Amino acid sequence: MTEIRFIEPGELSDYHDAIGHGFGHDPTDDEDQRAAFEAVNPVETSIAAFDRGHVVATFGSYDLDLTMPGGTTVPMAGTTHVTVHPTHRRRGILTEMMRLHLDQAREREQPVAGLWASEERIYGRFGYGPAAYGQELSLPAYTVTGAAPDPAITVHPLTRAEATKVLPPLYESRRPDVAGSLVRTDTWWEHRILLDPTSWRRGASAERQVMAERDGQPVGYLRFRLRPLDSWGEGETRVVELLAIDDDVRRALWHFATNVDLYRNVRWWNAPLDEPTLLEADRFRRVECRVMDSLWLRPLDIAPLLEARTYDRDGTVVLDVADRLGMAGGRFRLEVVGGSASVETTTDEPDVEISVGELGRLLLGGTSAVTLARAGLLAGSAAAVATLGDLVATRTPPHAPEVF
Ligand SMILES: CC(C)(COP(=O)(O)OP(=O)(O)OC[C@H]1O[C@@H](n2cnc3c(N)ncnc32)[C@H](O)[C@@H]1OP(=O)(O)O)[C@@H](O)C(=O)NCCC(=O)NCCS
């Protein structure tokens, strides 16, 4: 008989190991990495299935804060560590754990849950929709020629201790402009972002960090790894994160990344969709890009969620939101005046009928409502769909800079 429940503090270590087995890799015995896991994983939101004393399924939730368009944040249940062991698959264990997770998130007043999906077919049925996209870029260094970088901007290596001081305030200064990004607490920086265990390197070097400086002030950073590809030094610079407070700084950091001797290719696995360097590339056909879904969102409380973001246009639309799990659906009047929304439940005739997952897709402005309607994923008159599309559209696409 399989028992599914929230774990006790003494079970976190077994839970940790079971995640490794569920994803098909060996659990680490690195003490630092295990301690870091314990530092960021709340026991009270971790669910497991037990059978004959073994953990056979896992399901975690981080307490995160998601940046909405306009820069405000909402509490988000960060759905993670979803595994069901091969011996126990396809008998409803994921479904049961998901119900516990989403019910708990609602009790804890998290209006949204979010995740990165290992496979795109798993989460739509539970009301998640892909809200942000990224692109994997791979380019020969010579394609980024551009003008010489601004001599007022200099680039300097950082030790880990220096990075711990320099990176967080820079990140926080840019974060409100990036819908889809997460607030990073000191604990998150220490035990997630700058952790860098060997198993995360995938054949590349340890993570290195450089800082861009102007007038003695830090103005950007690059986190990267170097991966030698063959014995003749045709290596690859792998960008982990590039953050710049303006475009001159961005160019200076790209100049650095494309001028590491012996490393003639640059790869950035999760670049923002609107990365301007692509437009500046000299031989842009040599740049390879692959667009991929990044952050998925599952609305759990629609009114506070829609009210938390800002809007570039005013307008009113009545949404009929369907939720197969009976958690967040209903009919809502979204009225935007002066860029701020108020949302009330209503019995008025709906203008647009939409599922909760498709609404998740629209929340950060990552997909056009008109395109969703053309794909048959929402219904409404052309005028109503256009109104909704204009309301939720954002000037820049959302970007989720980190996997969790
Ligand atoms: C994905 C996984 C968690 C599913 O667990 P599970 O307990 O077998 O799922 P359930 O039995 O509750 O299935 C629920 C529904 O989802 C479907 N489903 C489950 N996994 C699926 C998959 N990988 N692709 C497509 N559909 C899937 C089931 O067919 C079922 O559909 P139904 O309700 O129409 O019958 C499990 O296969 C696993 O651990 N995979 C490896 C790790 C992984 O990919 N984790 C996800 C991390 S983001």
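This is a predicted model: local features need pLDDT of at least 70, side-chain atom pairs count only at pLDDT 80 or more; totals for chains, interfaces and linings use all residues.
1. Seven strands make up an open sheet of mixed pairing, in the order 8-9-10-11-12-7-13. Here strands (E, at least two residues) and helices (H or I, at least four residues) are DSSP runs numbered from the N terminus, and two strands pair if DSSP finds at least two bridges between them. Strand 8 (153–158) and strand 13 (288–293) stand at the edges with a single partner strand each, so one side of each is left without a neighbour in the sheet. On average, neighbouring strands of this sheet are turned by 25 degrees against each other, direction ignored; the axes are lines fitted to C-alpha atoms, for helices over the stretch in contact, and angles run from 0 to 180 degrees between N-to-C directions.

2. Residues are numbered from 1 along each chain as its sequence is written, and side-chain values use heavy atoms, with hydrogens and water left out.

3. Tyr133 stands opposite Asp293 of strand 13.

4. Strand 2 (residues 47–51) is mostly covered, with five of its five residues buried; buried means under 20% relative accessible area, exposed over 50%, and partly exposed in between (1.4 Å probe, protein chains only). Ile47, Ala49 and Asp51 point one way from the strand, whereas Ala48 and Phe50 point the other way.

5. Strand 2 has antiparallel pairings with strand 1 (residues 3–6), over four bridges, and with strand 3 (residues 54–67), over five bridges. Arg5 stands opposite Ala48, and Phe59 in strand 3 is the bridge partner of Ile47. Strands 2 and 3 form a hairpin with two residues between them, and Arg52 in the turn has a positive phi of about 50 degrees.

6. Helix 1 (residues 12–23) has twelve residues and reaches 17 Å from its first C-alpha to its last, close to the 16 Å expected at 1.5 Å a residue; the expected span is 1.5 Å times one less than the number of residues. Gly24, which follows helix 1, has a positive phi near 85 degrees.

7. Which residues of helix 1 are buried? They are Leu12, Tyr15, His16, Ala18, Ile19, Gly20 and Gly22. The buried residues of helix 1 pack against helix 2 (31–40), strand 2, strand 3 and strand 4 (73–84), where contact means heavy atoms within 4.5 Å.
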